[in-house]
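Please have a look at the sequence and the model before I go on.

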Amino acid sequence: SSHCPAKLLHRDINEIAFPNFVYGDFLEILTTLLQLGVKDARMQDAVNLLSAKQLPNGHWRIEHDVPRMHVRLGRRHYESKWATFRARYALKLWETV
């Protein structure tokens, strides 16, 4: 949290979620800050976490999903084109901001 940097905002914030309209995640926060032009050394932990989650084939998994949706956009613990797109976009922003 903002008062205790070592404490997570919520227990699943360090998991890549999709879709994000219910659960926010570190990737959403990282991307938003970078889109706003904010780049700070304190964000390196999020970049390192994102990089560590990359699979050997260059893709990422959804780690938190929304159950019982009418249309499944991906499944927890499976590779996801959406998670991969979000991750690659954030890393590209990190390199260019």
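Predicted model: local features only at pLDDT ≥ 70, side-chain atom pairs only at ≥ 80, totals over all residues.

Residues are numbered from 1 along each chain as its sequence is written, and side-chain values use heavy atoms, with hydrogens and water left out.

Now, which residue has a ring that stacks with the ring of Trp82? Rings of Phe, Tyr and Trp, for Trp its six-membered ring, pair if their centres lie within 6.5 Å, and the pair counts as stacked with planes under 30 degrees apart, as edge-to-face over 60, and as tilted for the rest. By this rule the count comes to two aromatic pairs. In one of them the partner of Trp82 is Phe18, and the pair is stacked because the ring centres are 5.8 Å apart and the planes are at 5°. This pair links distant parts of the chain, given that Phe18 is in strand S1 and Trp82 in helix H3, 64 residues apart. Phe18 counts as buried, at 15% relative accessibility.

The rings of Phe85 and Tyr89 are also stacked, with their centres 6.2 Å apart and their planes at 5°. Both of these residues lie in helix H3, four residues apart, which is about one turn of the helix. Phe85 counts as exposed at 54% relative accessibility, whereas Tyr89, at 34%, counts as partly exposed.

Let us step back to the whole chain, which has three helices and four strands, running β-α-α-β-β-β-α from the N terminus on. Helices (H or I, at least four residues) and strands (E, at least two) are DSSP runs, numbered from the N terminus. Buried residues make up 35% of the 97 residues in the chain.

Among the buried residues of H3 are Ala87, Ala90, Leu91 and Trp94. The buried residues of this helix pack against strand S1 (17–18), helix H1 (26–35), helix H2 (44–52), strand S2 (60–61) and strand S4 (79–80).

What lies at the N-terminal end of H3 as its cap? The cap is Ser80, with a side-chain oxygen 3.1 Å from the backbone nitrogen of Trp82, and the side chain of Ser80 also reaches the backbone nitrogen of Ala83 at 3.0 Å. Ser80 has its place in strand S4 and is buried, with a relative accessible area of 6%. Not counting residues up to four places away in sequence, Ser80 touches Trp60, Arg61 and Ile62, where contact means heavy atoms within 4.5 Å.

Glu79 is found in strand S4 as well, and counts as partly exposed at 45% relative accessibility. Its side chain makes a polar contact of 2.7 Å with the side chain of Asn57, and another polar contact, of 3.0 Å, joins the side chains of Glu79 and His59. A polar contact is a pair of N or O atoms within 3.5 Å; within protein, one must be able to donate a hydrogen and the other to accept it, and residues adjacent in sequence count only if both atoms are side-chain atoms.

Finally, the core. In soluble globular proteins, nonpolar side chains tend to be buried together. A nonpolar core here is a set of buried Ala, Val, Leu, Ile, Met, Phe, Trp, Tyr and Cys residues joined through side-chain atoms within 4.5 Å. The largest one has 17 residues, and those with the most contacts inside it include Ile16, Leu50 and Trp60. H1, H2 and H3 are the elements that give two or more residues to this core, and H3 gives the most, with six. Leaving aside neighbours within four places in sequence, Leu50 is in contact with residues including Ile16, Trp60, Ala87, Ala90 and Leu91.

Key
Buried < 20%, exposed > 50% of the residue type's maximum accessible area, 1.4 Å probe, protein only.
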